[in-house]
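Me: I should like to learn how to read the features of a model such as this one. Please take me through them in turn, with the general idea before each case.

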Amino acid sequence: MMVDPSSLPERDSYRLMISAFVPRPIAFVSTRSLAGINNCAPFSYSMGVSSRPMVLAVSVGERDGRPKDTARNILDTREFVVNMVTEATAEKMNVASGDYAAHISEFEEAGLTPVPSDAVRPPRIAESPVNFECRLIRAITVADNTVFFGEAIRLHVDDAVLTNGTVDIHKAKPIGRLGGPRYCRTQDVFELRRPTVTGPKGAGKTEAR
Ligand SMILES: Cc1cc2nc3c(=O)[nH]c(=O)nc-3n(C[C@H](O)[C@H](O)[C@H](O)COP(=O)(O)O)c2cc1C
């Protein structure tokens, strides 16, 4: 089939998009409100943007025409933490995605443990083995979403998931988001080495991305 997405009703467009653009990493974003309430919620419209400086982007939609708590907190404080979602934290992440009022902390609802961050006010999620402490560098509105670009000014990685200085996927066991209520594990891993190109563009850059 071929479709013009603009001709689809919003719900169908959403369902098709989240089933077609897969798998997506899940940014489990913790924030703190001006009133001091710790908030956390998952966002799979997320991406890595830059490695040095280390920048991540998270796209937050609206709820009934109003900003979600995460968006409001980031705009108010210019700080957020992106936490990894693993097989072990999947259920709690799902609980945290519920529509709770702003004065309710998803940490308590989901049974997650807030631990102080090093450089920002929002707490990290203790159960997540990887946490990026981010400072907002830019917010861009796209339709009814706000894309938050955060520079990671601290990166925490639990030593238990490290192998040779990088995150070992078999130890961390992150999960990804698919369409509908579906998720994927990341344990069926294979390797490809990028080809060495000797030509005008390449000259043997084996470390290229
Ligand atoms: C796996 C998963 C991924 C999600 N991704 C997004 C997303 O990319 N953008 C979005 O606006 N909401 C997303 N949601 C829904 C939010 O998590 C949900 O609206 C949440 O209640 C927002 O919480 P807040 O009001 O505390 O910010 C996702 C939910 C789940 C379970």
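Reply: Let us begin with exposure. A residue is called buried if 20 or more other C-beta atoms, placed from the backbone, lie within 10 Å of its own, exposed if there are 12 or fewer, and partly exposed in between. Ala143 has 8 other C-beta atoms within 10 Å, so Ala143 is exposed. This is a predicted model, in which local features need pLDDT of at least 70 and side-chain atom pairs count only at pLDDT 80 or more, while totals for chains, interfaces and linings use all residues. Residues are numbered from 1 along each chain as its sequence is written.

Me: Which residue just after H2 takes a positive phi?

Reply: That residue is Arg78, with a phi of about 60°, in the loop between H2 and E8. Arg78 is not a glycine either. It has 16 C-beta neighbours inside 10 Å and therefore counts as partly exposed. Within H2, by contrast, the buried residues are Asp69, Thr70, Ala71, Asn73 and Ile74.

Me: How should I judge the confidence of the prediction?

Reply: Consult pLDDT, the predictor's confidence in each residue on a scale from 0 to 100. Where pLDDT is low, the predicted coordinates should not be read in detail. Here the average is 96, and 96% of the residues score at least 70.

Me: How do I read a sheet?

Reply: Strands of a sheet pair through backbone hydrogen bonds, either parallel or antiparallel. Two strands count as paired if DSSP finds at least two bridges between them. In this model, 3 strands form an open antiparallel sheet in the order E1-E15-E16. Strand E1 (24-25) and strand E16 (183-184) are at the edges with a single partner strand each, so one side of each has no neighbour in the sheet. E1 pairs with strand E15 (residues 176-177) over 2 bridges, and Pro25 stands opposite Gly176.

Me: How are E4 and E5 joined?

Reply: They are joined by a hairpin through 2 residues. Strand E4 (residues 46-51) and E5 pair in the antiparallel sense over 5 bridges, and Ser46 has Val58 as its bridge partner in E5. Pro53 lies in the loop between these strands, and the peptide bond from Arg52 to Pro53 is cis, with omega near 5°. Another cis peptide bond joins Val22 and Pro23, with omega about -15°; Pro23 is placed in the loop between helix H1 (10-20) and E1.

Me: Which residues is Phe149 in contact with, leaving aside its neighbours within four places in sequence?

Reply: Contact requires C-beta atoms, placed from the backbone, to lie within 7 Å. Phe149, in strand E12, touches Val49, Val55, Ala57, Ile137 and Arg138 by this criterion. Its 18 other C-beta atoms within 10 Å make Phe149 partly exposed.

Me: Finally, which residues are closest to the ligand?

Reply: A residue is near a molecule if its C-beta atom, placed from the backbone, lies within 6 Å of it. The ligand is surrounded by 17 residues, the closest being Ala41, Tyr45, Gly61, Asp69 and Thr70. Strand E3 (38-43), strand E5 (54-60) and helix H2 (69-77) each give two or more residues to the shell, and E3 gives the most, with 4. Ala, Val, Leu, Ile, Met, Phe, Trp, Tyr, Cys and Pro count as nonpolar, Asp, Glu, Lys and Arg as charged, and the others, Gly among them, as polar. The shell divides into 6 nonpolar, 7 polar and 4 charged residues.

How values were computed: Two residues are in contact if their C-beta atoms, placed from the backbone, lie within 7 Å.
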